[in-house]
Amino acid sequence: MGPDFLGGAEVITIKDLTKRYPNGFEALKGVNLSVKKGEIHSIVGENGAGKTTLMNIIFGLIKPTTGSISVDDKEVNISSTGKAIEMGIGMVHQHFMIVPNLSVMENVVLGSEKDFTNFFGKIDYKSIKLKVGDLIKKLKLSLSPEDIVRDLPIGKQQLVEILKVLYKGPEIIILDEPTAVLVPTEVNDFLDFVINLKNEGKTVIFISHRLKEVFKISDSITVLRNGKTVGSYSKQDITRDEVANLMIGKKFDFNATPPKNEKEEILFSVDDLSLKGMMIKNISFNIKKGEILGVAGVEGNGQEDLFSVLTGDILPEQGSVKLADKELNKSTILEKRKAGIAYITDDRIKNGLAIDRSILENGIAYHHKDQRFGKVLINNKNSVKLVTGIVEDYDVRGVKNMKTPVSSLSGGNMQKLLVGRELNNQVKLLIASQPTSGVDIAAKALIHDSFKELTVEGNSVLLISSDLDELMSISNRIIVLYRGKIVAEFKYPDYDIKELSYYMTGLKES
Amino acid sequence: MFSNTLKKITIWVFFILIILAVWAVIIAISGENPFSAFGYILEGSLGDTGYFLSTLNKMVPIMLTALAVAIPSWAGIWNIGGEGQLLLGGFGAALIGFSINLGSSFLNILFALIVSALFGLVWALWPGYLKIKLNVDEVVTTLMGNYIASYFVLFLINYPFRDHSSPMAQTKYIDSSFQIPYMFRGSQFSYTFFIALGVVFIFYFIIRKFKFGYEIRMTGSNPDFSKMSGIKTKKIKLVSMLMGGAVAGLAGGLLVLGMNHRMMQSFSPGFGFTGLLVCLLAFNNPILIVFISFIFAMLQTGSVNLELFSNVPAEISGLLQAVMVLFVSAFKIISMRKGGK
Ligand SMILES: Nc1ncnc2c1ncn2[C@@H]1O[C@H](COP(=O)(O)OP(=O)(O)OP(=O)(O)O)[C@@H](O)[C@H]1O
Ligand SMILES: [Mg+2]
């Protein structure tokens, strides 16, 4: 290999890497990768292909079973994350690693707070604020050092993750699905930000399921399938379709039209809903039987609050929420679920799964209230039956044993388990927020198909998503939230992406 | 799979050897041959039937107070109040034992044990309630509760319920119909041990197999998610706290009915705190709690013998326990890092 005319020298070279997890699962079965200095190198592959595993190995979080890693042409043993950071490697993880109760600056210096501690052990917050503030300015991020992370929208929390990594001044930056939680407008800014990093001479390894993004910023693309490298390509030498085919190993048709199962009868209605101190003001809408209603909006315009109200987590002071004429405004989540509402939350780690409990335990959550799963004792047979069904129907991969913790699943497969569990209820209305975050193209189609299938029997979906393509491809109708109000409504097929974005960003008001 | 278990066992064996080595050094420093010292401890705790039975007896309060920490911690809430709950439970049992009689020994014992559990439960109720209603830190309230309970019981046995015929602060003896009978001549070993062991296994079963246990586990692992799944997490937390209190109270009741037969000053040498340590060392696991309680009980009974036959003070058992705690915590941290996210 050696130096190359077009790119720089190789900064990371990986040969015949394999990884067998303690439970015997072979996540990597022979991976080769070479990353050149100063390039943006994307890694793509299905859920469970081994992307995160590979990155965790490069970052010293886990050890490979066999194979070699060289950094700057020297074979190295990256035995800890400390070592990786010393070598100039930084990583933004697929799932958040920041501490929600701390401020932005505390999170950033966490682990290096010694640099700001004086002889008596007192931490000098002024200089922390100054230093972190400077970095924020330099990177042109819209963050403030003293904000508490918990109060920030997910998109901004992601920026805190990145800030934390960049603070250590890495030369090689690994980004594991950084855009999965971002809304389209944020994504573009973010991609520009990544390109900027490259312009400053940094090397970036980028992971995403959205090939559009991959093709926008990469110099090279490596495709992983089933723990093996399928190949590495220069962006100019390959097309999006070719990459998609290499990823799944078969041709893939994306059938993207909303279902036609709408009836006249109204299933769910929200009337004049308001929340003090929250983003929601006098919201009214309804959903017909068999309809998929999309909710579009830039994050932070009321989607999260709307979701919280509809779960019963926050009680609204005004308005009504009705499912088939049953008033549910003041009822608990248990009563709402019993009435036939199922929920897919936008943050699987926070409140969609208990990742250190087993796949089985996670799969029966809420189902366990049903007598089928026993009155006093948990009925193990029915539990296993239910979860086996979910795992098969939703193609959850990497399940070797039902008793292993969910944390041993790849991010996308966790999401599939969560979606499968919710859809396995007697669902009249599904309220789904970012249901396909972090899942691959095939799984996304599978999830969309199962939404459409729901509508066949007159059940409905409220789909809150920041992915406009997703919204337009399966919603019968889309409403736009802006600053807590519904500012526009579109009906299939009259979707116009420009028009939608105008309303979303407040450039146009009704 | 197999090699992995083997690796784990090797690590544990190695780990135990290190602890033993450090113990040996400490004993050598205090001027005794470690091997003969270990010999005295072993002899004094397992050496003959009498010693062995008193070791098992010692396990009763340790095991139950450890369980009193474990149950709430499964649901993600801390009960540091085992000591106070145990004292009140003991007093409750004594109170019943010298003041009423239901006519049959079985009923008497049953009733006194229920009352002891209820006393412990009440002492866990207010910290639990403050936690779920006002989010008051339960670590602080349960810890504080220990001091309140301990002074309150001291007051009760000094003034209103003092046995005036005795020079010491203690209550009257409970009626003999309340005594849990000894099983062997010459030993204080009684059915209490089996009751305590039974309670541990019942909770082991509840947490693993019951729906209620499932809800406790899920709440402890991720309360936000549990709430989304329709689990009433506040109720679960409160109930598990109450169960913890009841189990600690029961420990006090068993001590009174099965051993001391009255409530007295220095009733507990800090069982509640030993239980807390045991629970931490056992990773909240009921089966491990039984084993580690056994080791602690061994050290405590064996060190009496050690003092008798050597010039090492019996307090050394506290030091040996501390070494164990230190190493297990270090081991825990290391394995946590290794297993890291
Ligand atoms: N700790 C673990 N123990 C056992 N198996 C694991 C563990 N972590 C991951 N795996 C398995 O290894 C495989 C690869 O997982 P990995 O997280 O690397 O996938 P990924 O390519 O990042 O997928 P995604 O796009 O869904 O994030 C998966 O099948 C997963 O179930
Ligand atoms: Mg991943």
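Where is the place of Gln321(B)? I find Gln321(B) in helix H13 of chain B, residues 316-339; helices here are DSSP runs of H or I with at least four residues, strands are runs of E with at least two, and both are numbered from the N terminus.

Ground rules: this is a predicted model, where local features need pLDDT of at least 70, side-chain atom pairs count only at pLDDT 80 or more, and totals for chains, interfaces and linings use all residues. Residues are numbered from 1 along each chain as its sequence is written, chains are lettered from A and ligands numbered from 1 in the order written, and side-chain values use heavy atoms, without hydrogens and water.

I looked up the accessible area of Gln321(B): it is 9% in relative terms, so the residue is buried (under 20%; exposed is over 50%, partly exposed in between; 1.4 Å probe, protein chains only). Beyond its neighbours within four places in sequence, Gln321(B) is in contact with Phe296(B), Leu299(B) and Gln300(B) (contact: heavy atoms within 4.5 Å).

Next, the sheet in chain A. I read an open, mixed sheet of 6 strands, ordered S6-S7-S8-S3-S9-S10. S6 (89-92) and S10 (228-234) of chain A are at the edges with a single partner strand each, so one side of each has no neighbour in the sheet.

S6(A) pairs with S7(A), residues 172-176, in the parallel sense over 4 bridges (pairing takes at least two DSSP bridges). In that pair, Val92(A) is opposite Leu175(A) of S7(A).
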